[in-house]
Amino acid sequence: MSIDVVLSSLKRNRALAGDVIAWERVPARAARFTEPPAQLDASLTALLQRRGTWPLYTHQAQAVQAALAGKNVVVVTGTASGKTLCYNLVLLQMLRTTASASALYLFPTKALAQDQLAVLSDLMAGLGERAPLNLYDGDTPAAQRAAARKAGGVVLSNPDMLHAGILPHHTRWARFFADLQLIVLDEIHAYRGVFGSHLSNLLRRLRRICRFYGSDPSFICTSATIANPAAHAERLIEMPVTLVDDDGSPQGARHLILYNPPVVNPELGIRRSAVGQSVEIAGEFLGAGVQTILFCRSRLTTELALTTLREKVASQGSPAERIQGYRGGYLPRERREIERGLREGRVRGVVATNALELGVDIGELSACVLAGYPGTIASTRQQAGRVGRRLESSAAVLVATSSPIDQYIVTHPRYLLERNPEHALINPNNPVILLDHVKCGAYELPFEAGETFGGAGRVDEILDLLVEAGLLHVGRSARHWVAEVYPARGVSLRSGSSDTVVIQDTSDPGRPVVIGQMERESAPALLHEGAIYPHLARAYLVEVLDWEASRADVRPVEVEYYTRASVSSSLQVLEVEESAPVGRVRKQHGRVRVTSQATGYRKIKRTTHETLGWGEIDLPAQVLETAAYWLTLEPGLAAELEALGVLLPPIDYGPNWGDQRKAALARDGGRCQQCGARERRGQHHDVHHIQPFRTFSYLPGANDNYLQANALENLVTLCQACHRKTERGVRARGALAGLVSLLRNLAPLYLMCDARDIIVLAEASTAESRGPTVTVCERVPAGVGFSPHLYDVHNELLAAAQELIEACPCQDGCPSCVGPVGEVGPDTKAATLRLLDAVLE
């Protein structure tokens, strides 16, 4: 059955069509060709004519022309538009004119490098080109690695291998670097945040080594559609680039369908499972014989969806094995077999994580279902672009979850369909990341006096620190690496910090097995002793966390509970870099210090979510100095909102409050009565009124109702984290907490990051602002550029939050807007909306 017939059937299916929010049909587009560059070798023209890929599309000809003229190029066109041929033609032309030339292709994943190796190998064979061509990654056998180093020619690799396996051993690659003329960076939109900041420094090291061997290669970059492709490419390579974005490739008609699962609990705003609905829709396509891909956001969800979809397909009379899974953790040969099955049509459906998002060749699929918004518009378009790779019609269905960001996307379809506001942001000069790469660079080559390190300029202060630490020796004209350590081994390109905790399974005492690692700053909340650590769908109990040795010992257990730590955080502004009034709010960004203390944890039953017990966490506080953006209400606005009941004014607890507070702390032994955490030096507990103090209607000088309100039986000791959770129902905190929930979920729309990459805090008053303040902090030490960008899009961000809450059909709050009403309290939705209305007035 054709895809158009299936889509007509879906339109008539009332159970599904009633929840379709938008159905956009993008008409077919004809190819546009242009004359090839005059200097292109005739043998290349003949090869492309034999293969049916001639003449060149407009963007291909423009990219090749610019690259052959010696310019650095970034190509930004749609999925399956022939971007690969842009750089492959430049390479082949280069080899036609300089047989000894070498080239380095860098891909963000090993799977993509494997796929492109096959494509380039086929082209070179058709041309009779004998230049060495090798894959060099973590799966390459030792013997083949030695051969690749010796042969030179064309090397396909990834940033991690370049960082740890090639640059530190550049003397073994001397001929390759001396002849290096071309560097290809594929899918540069993937290099953002921490990873992109590391890559930019990695390229500084690479170009430094090239200069040492006398070469100056040019770059060709490719990218998905983002808001700043040229600026991003220039930030990565620190050289001017020529932008090529006139897509001349043909495209069949495409249907993009936004589907919002029906609400099953109107009061709480709970919707039917996005994964379950995605499986139903994928089953409709597969039942009609349409080859389909279903994207899920996690490995666990992928496996669950695969099992359910196989059962559905089997019930339709088709072999279950024709549906396969595809995710990280599968062996390389398993992945290659699944890819081959998709290309040949033996595999009719695949359930995948974003491991299949990038350009691995998987044939000509016709339907794509996305179980939840992938996190960025670029990823959404990449995943949707995996189908309809010829001129036939295709369909992509985005099934929204209840999360605020998903709900914003499906209720604002133009946002997804018409523009991309996402900026790929990096900060190559982040001091933590820069320090790591200066160490690696010093290991690779001595730093000459006055030498610069790319866009960072002179790094004398860092070099002096390394001299003081005994890692460098000052020679007559250069600083030389003298330490025995191998710095690249301790630096992860995916992390803002090289300080990690190793997790090892000690169930066999004689043979501990490392099963993972975690950034040190996350360990107190997730790897404390007594924590349940989930890994590959298994539960592990943390028996020992050796903080000094950076090691957690775990063992597998069968338990019916999970653990959740209580973490209290405090914020201190260190420096304001920019500040401006916006209406009756002041927006700012700068440097802050976030101090977090894990105090205790609860054991929570999986099925009922009841608390089974609690435990204490005795670990040092974690201090993060980073970048942040914050907004503060002006005093007049705060007073007006207090008068309206949106915010509550400071409370006068009466003349006996100090004595009663001390008595309650003494009675409870200085221990939180919720999680059991003890008070620590510099981390004082709070005393909470069980029945809210305001309900006693105390008026200073008019009555003594404070006596009843402050009675010991109405007071309980809570740590700051538990107190904050307990008071979520109070409207004053609820309005700010609702805004926190909205910003936590909407800010990633503008940052191309995950919600876990930021920390959002609300404070009724701060020492610096003396007013209600909401702060968005970056989780990476020193930041990677998120904060100044949020400062720039301040109005747009708050307007998006207002639109989302106005469009949400729930009554008092739900996971799709300000958070579940049971967590944030009644009236929080209305209070948050009034707060936003006032802020944006």
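At what angle do helix H27 and helix H29 pack, and how far apart are their axes? Keep that in mind as we set up the view.

**Before you start**

This is a predicted model, so to speak of local features a pLDDT of at least 70 is needed, side-chain atom pairs count only at pLDDT 80 or more, and totals for chains, interfaces and linings use all residues. Residues are numbered from 1 along each chain as its sequence is written, and side-chain values use heavy atoms, with hydrogens and water left out.

Colour by pLDDT, which is the predictor's confidence in each residue, from 0 to 100. The protein chain has a mean of 88, and 95% of its residues reach 70 or more. Now select residues 728-732: pLDDT stays under 50 there, and the model has 16 contacts for them beyond four places in sequence. Contact means heavy atoms within 4.5 Å.

**Stop 1: the helix pair**

Select residues 794-807 (H27) and 828-840 (H29): the two helices pack at about 145°, with their axes 10 Å apart. Helices (H or I, at least four residues) and strands (E, at least two) are DSSP runs, numbered from the N terminus. Axes are lines fitted to C-alpha atoms, for helices over the stretch in contact, and angles run from 0 to 180 degrees between N-to-C directions. The crossing of H27 past H29 is left-handed, a term for a near helix turned anticlockwise from the far one by less than a right angle (right-handed if clockwise).

Show side chains next. On H27, the residues in contact include Leu798, Ala801 and Ile805; on H29, Leu833, Leu836 and Leu840 are among them. By class, the contact has eight nonpolar, three polar and three charged residues. Here Ala, Val, Leu, Ile, Met, Phe, Trp, Tyr, Cys and Pro count as nonpolar, Asp, Glu, Lys and Arg as charged, and the others, Gly among them, as polar.

**Stop 2: a parallel sheet**

Move to the open sheet of seven strands, ordered E4-E5-E3-E6-E7-E2-E8 with parallel pairing. Two strands pair if DSSP finds at least two bridges between them. At the edges you will find E4 (133-135) and E8 (242-244), each pairing on one side only. Neighbouring strands are turned by 15° against each other on average, direction ignored. Then zoom in on E4 and E5 (residues 154-157), joined by three bridges; Asn134 has Val155 as its bridge partner in E5.

**Stop 3**

Which strands stand at the edges of the five-stranded sheet, each with a single partner strand? The order is E21-E20-E24-E23-E22, an open sheet with mixed pairing. Strands E21 (513-519) and E22 (532-535) are at the edges, so one side of each is left without a neighbour in the sheet. Select 538-546 and 551-557 to see E23 and E24 running antiparallel, joined by seven bridges; Val544 pairs with Asp553 of E24.

**Stop 4: single residues**

- Lys312 and Glu280: their side chains meet in a salt bridge at 3.4 Å, N to O. The pair links helix H13 to helix H12, 32 residues apart. The structure holds 28 salt bridges, each a side-chain nitrogen of Lys or Arg within 4 Å of a carboxyl oxygen of Asp or Glu.
- Pro55: the peptide bond from Trp54 is cis, with omega near 0°, and Pro55 sits in the loop between H3 and H4.
- Met752: its phi is near 55°, a positive value in a residue other than glycine, in the loop between H25 and E31.
- Gly785: look in the loop between E32 and H26. Gly785 touches Leu425, Asn427 and Glu778, not counting residues up to four places away in sequence.
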